[in-house]
Amino acid sequence: MQISALPKSARPREKLIEQGPEALSNAELLAIFLRTGIKGLNAIELAESLLQEQQTLQRLFNASLEEFSALKGLGVAKYTQLQAVLELSRRYLKEECLRETVFQNPTAVRDYLSAQLRGLGHEVFMVLYLDNQNRLIKDEVLFHGTINAASVYPREVVKAALKYHSAAVIFAHNHPSGVAEPSEADKLITKKLQQGLALVDINVLDHLIVAGSYCISFAERGLI
């Protein structure tokens, strides 16, 4: 059945306008993005089919160009549109962090870091540099690869924090395995970084681990 033949209350666009985006299912939201279906499937049915095949939005959104284009009803144009939407989301979340004092809105920080780090196929170590009111000055990926004492250098972190005149920092890295629990190596390098930054009076406020849809806070665990 064509979407235009559905009752207005069942059409994704009309439903969004009348009830707000939170009232729509994942398939309905995806259908608005897709705009059109394919032969035998309207946009909602195509969206449902894609979600059933991919199992999660995250897997669909993190697909490479080759993987994405191989899915029925999709292609290079849709891939570029989706990447543009995702990047706009990241920039919106970053603006939230830039506008507000970080710890007045920790959810915005988690959302931003999750958007930046989840879905990556390799580990990266990111630092958020904060001013004396805990506002974001800049964020930066400092290291790539397995996070341990051999790959994250406290001297480089201290050097970067001083460069941006930071009063405090927040660390973040991802676990591509999907296991969010901090490893002993994570705990060890965090302690070393704390000790190095303490020598120049820069506070470490938190270390967040992003693993899929999970985000673990060292501060909440009492590890900082």
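Buried means under 20% relative accessible area, exposed over 50%, and partly exposed in between (1.4 Å probe, protein chains only). This is a predicted model, in which local features need pLDDT of at least 70, side-chain atom pairs count only at pLDDT 80 or more, and totals for chains, interfaces and linings use all residues. Residues are numbered from 1 along each chain as its sequence is written, and side-chain values use heavy atoms, with hydrogens and water left out.

**Helix H8**
- Helix H8 spans residues 154–163, and its buried residues are Val-157, Val-158, Ala-160 and Ala-161. Helices (H or I, at least four residues) and strands (E, at least two) are DSSP runs, numbered from the N terminus.
- Those buried residues fall within an arc of 165 degrees seen down the axis of H8, so they line one face of the helix. The arc is that of the directions from the helix axis to the C-beta atoms.
- Arg-155, Lys-159 and Lys-163 are exposed on the other side of H8.
- His-165 follows H8 and has a positive phi, near 55 degrees.

**Salt bridges**
- A salt bridge is a side-chain nitrogen of Lys or Arg within 4 Å of a carboxyl oxygen of Asp or Glu. The count by this rule is eight.
- Lys-15 and Glu-28 form one of them, at 3.2 Å, N to O. Lys-15 lies in helix H1 and Glu-28 in helix H2, 13 residues apart.
- Lys-15 is buried at 15% relative accessible area. Glu-28 is buried at 13%.
- Arg-135 pairs with Asp-131 at 2.9 Å, N to O. Arg-135 is partly exposed at 34%, whereas Asp-131 is buried at 16%.
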